[in-house]
Amino acid sequence: MDTRVAGADYRTRSGGVREAVGSVIDLVGNTPLVNIRNVTRDIPPGVEIYAKLEGYNPGGSVKDRPALKMIEDAEKAGRLTKDKIILDSTSGNTGIAYAWIGAHKGYRVELVVPGNVSEERKKMLSAYGAKVIFSDPLEGSDGAIRLCWKLYVDNPEKYCKLDQYNNPSNPLAHYETTGPEIIAQTEGRITHFVASIGTGGTIMGTGRRLKEFRKDIKVIAVEPDSPLHGLEGLKHMASSIVPGIYHEEELDDKIPADTEESYEMTRRLAKEEGILAGQSSGAALLGALRLARTLKEGLIVVMFPDGGDKYLSTRVWED
Amino acid sequence: MAVKVRIPTPLRKLTEGKDEVTAEGTTVREVIDDLEKRYPGIKERICEEDGSIRKFVNLYVNDEDIRFKLNLDTELKEGDELSIIPAIAGGMC
Ligand SMILES: Cc1ncc(COP(=O)(O)O)c(C=O)c1O
């Protein structure tokens, strides 16, 4: 979903032409922030909503940031060496990120994913050369987490388990990159930060950085409204294994998102804004709009974790 | 007629933690209605208000997706297995 090159009018892009870089790794982060103006027509005039388009990362999602940081921190600590296999449970964007970063750096990658993961996911992971191990679809992500631990415990010397749910490098990636980018891109004007929660890495790390910058910035999480939902990448915390990096007490508020309404918002993003995003972006925007209606003025930044191309075979797009 | 129904983790709160239960019916629709009698609240998780299956839920009879069969009218035989599978892989990151 990279639309930056073909026929682009570079005058509209601050900073001008991007410099050539030495490696695809250098393209992680520094994603665009864009004012959402169409689906936001009915919000109070003093409130602005900006979306951070994480689909512009090389692996197509926000998870490139924590995956890279977890890999690099493990390298620095000596936990990850070329004889080890990167192991984690993930069917989603983190898996894609491990797979491409592993490919680039020359590591083997093994991923435990629930058997019901979509065909395009499986193909994408194997395109990057990752080995995919399937867990029971009925057990969901928690089943994959458990199977992954079992593989690790059976063979600890074979693997470097990055464990995104408990690895402090996950939120730290956002503390070091996402947070400062948002402060710079809004020239410090941000008043509210809205993000959906999966591991909680985004909201925890970015939120901490923003509150350090100005402690009255509000940090608001969007969460699926029920245990059985259709929002890929998101966790309903009350019915899941709660990630070790997730500290709910640091949040100012939580907004529940209904799957159907989130799908509708995802479709509106494509049809009215021209932004093809994943359903967790629709959920987050739903939360941001709900928040906006309660404010008189403010600048809300909402995370759009990935693009919509990976979900084209799902029923999100059916009206 | 009794069929086995396999329950995904997010719905096991409603089935007293069981991953497999039995229900009666000759079609998927009847089995879901019977499930609702045994485990109140389960139907609204699986179906929209108009009774159609929610977009993010897949139902399989043995190994076949009922959307490629007769949907809710798909018939069941004694010993068949109905699996309720979330369309997304449990919300993984
Ligand atoms: C599509 C999507 N949205 C949202 C999230 C949540 O991000 P986080 O794990 O930082 O909470 C993820 C996590 O991987 C994701 O894949």
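Q: Is T266(A) buried or exposed?
A: Keep in mind that this is a predicted model. T266(A) sits in helix 7 of chain A, which spans residues 259–273. Its relative accessible area is 0%, and the cut-off for buried is under 20%. So T266(A) counts as buried.

Q: Which residues is T266(A) in contact with, leaving aside its neighbours within four places in sequence?
A: We can start with a residue from elsewhere in the chain: K215(A) is 51 residues from T266(A) in sequence and 31 Å away in space, C-alpha to C-alpha. Contact, on the other hand, needs heavy atoms within 4.5 Å. With the sequence neighbours set aside, the partners of T266(A) are A277(A), G278(A), Q279(A), G282(A), V316(A) and W317(A).

Q: In the open sheet of 6 strands in chain A, which strands stand at the edges?
A: The strand order is 1-2-10-7-8-9, and the pairing is mixed. From one strand to the next, the twist averages 25 degrees.

Q: What is the bridge partner of K52(A) in strand 10 of chain A?
A: Strand 2 of chain A covers residues 46–53, and strand 10 of chain A covers 297–304. The two pair in the parallel sense over 8 bridges. Across from K52(A), the partner in strand 10 is M303(A).

Q: How many residues of strand 7 of chain A are buried?
A: Take the two faces in turn. On one side H192(A), V194(A) and S196(A) are buried, and on the other F193(A) and A195(A) are buried too. Both faces are covered, and the count for strand 7 of chain A is 5 of 5.

Q: Which residue in strand 8 of chain A is the bridge partner of V194(A)?
A: Strand 7 of chain A runs parallel to strand 8 (residues 218–224) of chain A, with 5 bridges joining them. V194(A) has its bridge partner in strand 8, and that partner is I220(A).

Q: Which elements give two or more residues to the lining of the largest cavity?
A: The structure holds 2 cavities of 30 Å³ or more, and the largest has a volume of about 240 Å³. Its lining has 23 residues, with V62(A), K63(A), G233(A), L234(A) and P305(A) closest to the centre. By type, the lining divides into 9 nonpolar, 10 polar and 4 charged residues. The elements giving two or more residues are strand 7 (192–196) and helix 6 (201–213) of chain A.

Q: Which element gives the largest share of the lining of the second largest pocket?
A: This pocket holds about 660 Å³ of space. Its lining has 33 residues, and N116(A), N58(B), Y60(B), D65(B) and A87(B) lie nearest the centre. Strand 3 (57–61) and strand 5 (81–86) of chain B each give two or more residues. The largest share, 4 residues, comes from strand 5 of chain B.

Q: How many residues in the lining of the second largest pocket are charged?
A: The lining is made up of 33 residues. Of these, 13 are nonpolar and 10 are polar, and the charged ones number 10.

Q: What angle does the direction of helix 2 of chain A make with that of strand 4 of chain A?
A: The sheet concerned is an open one of 4 strands, order 5-4-3-6 in chain A, with parallel pairing. Strand 3 (residues 85–89) and strand 4 (residues 108–114) of chain A pair over 5 bridges, and I86(A) has V109(A) as its bridge partner in strand 4. Helix 2 (residues 93–105) packs on the sheet and touches both of those strands, its direction making an angle with that of strand 4 of about 165 degrees.

Q: Is N30(A) buried or exposed?
A: N30(A) lies in the segment before strand 1 of chain A. Its phi is positive, about 55 degrees, although N30(A) is not a glycine. Relative accessibility is 57% and the cut-off for exposed is over 50%, so N30(A) counts as exposed.

Q: What is the relative accessible area of N71(B)?
A: N71(B) sits in the loop between strand 4 (64–65) and strand 5 of chain B. Phi of this residue is near 55 degrees, a positive value in a residue other than glycine. N71(B) is partly exposed, with a relative accessible area of 34%.

Methods
Residues numbered from 1 in each chain as written. Chains lettered and ligands numbered in written order. Predicted model: local features only at pLDDT ≥ 70, side-chain atom pairs only at ≥ 80, totals over all residues. Heavy atoms only, no water. 1 Å grid on protein atoms, 1.4 Å probe; cavity = no way out; pocket = protein on both sides within 12 Å on 5 of 7 lines; lining within 4 Å. Points joined across faces, edges and corners; volume = space filled by probe spheres on them. Nonpolar A, V, L, I, M, F, W, Y, C, P; charged D, E, K, R; others polar. Pairing = 2+ DSSP bridges. Axes fitted to C-alpha atoms, helices over the stretch in contact; angles between N-to-C directions. Buried < 20%, exposed > 50% of the residue type's maximum accessible area, 1.4 Å probe, protein only.
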